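Here is a short briefing on side-chain packing and pairing. Keep the sequence and the 3D view open while you read.

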Amino acid sequence: MAISKNRLLQKMSGRIEDLIVYQCHGKTYVRTMPDRESIELTPEMKEQQERWAGVAAFYQAVKAAGLYGVWKKAAAGTGLSGYNLFVREHQMVFNKKGGAADMSKLTVTVGRAGLPDGMQVAEYDGETVVLEWKDEEKYPDAEEEDRLAVALVRQKEEEGWSVEVPDIGEWRRKGCRAVIRLPPEWAGIEQMYCFFQSESGEVSRSKYFYLNH
């Protein structure tokens with residue numbers, strides 16, 4: 001058992017895979033399942049536990065946004081659960097305090113479909129994002145009718161992670177351009193991840209954009 005200083009977990013309680021998060025006398029505690037609790041944690045183990053707790057908090061936000069199925073599908077046949085694949089993908093991105101060290105190294109989706117070349121933010125005014133890309137190179141499992149999707153991500157110390165996949169309309173790979181009007185509550189957002197979805201449910205790995213350059 002260890003006291004967690006990760007502010008992203010301050011109001012969270014419950015079980016997340018093999019971790020238990022709970023509140024007691026105004027403090028947040030993180031511990032492993034009882035069969036492991038007898039092990040005395042070293043400082044290095046405590047730091048690793050904080051990393052896992054940070055990943056778990058981000059995972060819960062991604063799952064709440066409706067993206068768990070993507071990870072479950074990607075994990076099929078690997079011997080891993082969708083959650084374990086998510087942890088393996090992200091555990092080295094989080095620092096010893098449980099925060100994301102580099103947002104560009106996070107991903108909200110994984111899959112076989114290829115991302116188009118040259119994706120870039122052409123315009124951004126805080127309310128509307130204009131994306132452009134090329135459709136010259138043909139990747140495996142990439143079709144012209146693949147639909148663009150975006151995930152908006154916020155990380156605040158007091159509120160934790162927020163992830164939303166808004167309805168942005170029908171923007172297809174073949175169009176090489178999309179005009180995305182953000183929901184009012186997400187105006188001015190800085191972190192956005194884009195990916196493509198096929199009619200069969202295959203997706204691409206997400207691509208990160210920091211919008212306030």
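**Charged pairs, cores and rings**

At 59% relative accessibility, Arg-112 counts as exposed. The cut-offs for that term are: buried under 20% relative accessible area, exposed over 50%, partly exposed in between, with a 1.4 Å probe and protein chains only. This is a predicted model, in which local features need pLDDT of at least 70, side-chain atom pairs count only at pLDDT 80 or more, and totals for chains, interfaces and linings use all residues. Residues are numbered from 1 along each chain as its sequence is written, and side-chain values use heavy atoms, with hydrogens and water left out.

**Salt bridges**

- Side chains of opposite charge can pair when their charged atoms come close.
- A search of the whole structure finds ten salt bridges. The term means a side-chain nitrogen of Lys or Arg within 4 Å of a carboxyl oxygen of Asp or Glu.
- Arg-112 pairs with Asp-141 in a salt bridge, with the closest N and O atoms 4.0 Å apart. Arg-112 lies in the loop between helix 3 and strand 5 (120–124), and Asp-141 in the loop between strand 6 (128–132) and strand 7 (147–156), so the pair ties together parts 29 residues apart in sequence. Asp-141 is partly exposed, at a relative accessible area of 37%.
- Helices (H or I, at least four residues) and strands (E, at least two) are DSSP runs, numbered from the N terminus.
- Glu-202 and Lys-73 meet through their side chains in a salt bridge of 4.0 Å, N to O. This pair links distant parts of the chain, 129 residues apart: Glu-202 is in the loop between strand 10 (191–197) and strand 11 (207–210), and Lys-73 is in helix 2 (residues 68–75). Glu-202 counts as buried at 10% relative accessibility. Lys-73 counts as partly exposed at 43%.
- Glu-89 forms a salt bridge with Arg-205, and their closest N and O atoms are 2.8 Å apart. This pair also links distant parts of the chain, 116 residues apart: Glu-89 sits in helix 3 (residues 82–90), Arg-205 in the loop between strand 10 and strand 11. Glu-89 is partly exposed, with a relative accessible area of 27%. Arg-205 is partly exposed too, with 37%.
- Glu-145, Glu-170, Arg-172, Lys-174 and Glu-199 form one network, joined by salt bridges that share partners.

**Nonpolar cores**

- The largest nonpolar core has 32 residues. Such a core is a set of buried Ala, Val, Leu, Ile, Met, Phe, Trp, Tyr and Cys residues joined through side-chain atoms within 4.5 Å.
- Phe-58, Leu-106, Val-108 and Trp-161 have the most contacts inside this core.
- Two or more residues each come from helix 1 (43–64), helix 2, helix 3, strand 7, strand 8 (160–164) and strand 10. Helix 1 gives the largest share, seven residues.
- Leaving aside neighbours within four places in sequence, Phe-58 is in contact with residues including Phe-86, His-90, Phe-94, Leu-106, Val-153 and Val-163. Contact means heavy atoms within 4.5 Å.
- Another core lies apart from the largest one; this other core has 18 residues, among them Leu-131, Val-150, Phe-196 and Leu-211.

**Aromatic rings**

- A search of the whole structure finds ten aromatic pairs. Rings of Phe, Tyr and Trp (its six-membered ring) pair if their centres lie within 6.5 Å; planes under 30 degrees apart count as stacked, over 60 as edge-to-face and the rest as tilted.
- The rings of Phe-58 and Trp-161 are tilted, because their planes are at 50°, with centres 4.5 Å apart. This pair links distant parts of the chain, helix 1 for Phe-58 and strand 8 for Trp-161, 103 residues apart. Phe-58 is buried at 0% relative accessible area, and Trp-161 is buried at 9%.
- The rings of Tyr-193 and Tyr-208 are also tilted, with centres 5.1 Å apart and planes at 55°. Tyr-193 is in strand 10 and Tyr-208 in strand 11, so the pair ties together parts 15 residues apart in sequence. Both tyrosines, Tyr-193 and Tyr-208, are buried.
- Ring pairs link a cluster of Phe-58, Tyr-59, Tyr-68, Trp-71, Tyr-83, Phe-86, Phe-94 and Trp-161.

**Charges over rings**

- The charged end of Lys-63 sits over the ring of Tyr-68, 5.7 Å from the ring centre. The cut-offs are NZ of Lys or CZ of Arg within 6 Å of the ring centre and within 35 degrees of the ring normal.
- Arg-173 lies over the face of Phe-196, 4.8 Å from the ring centre.
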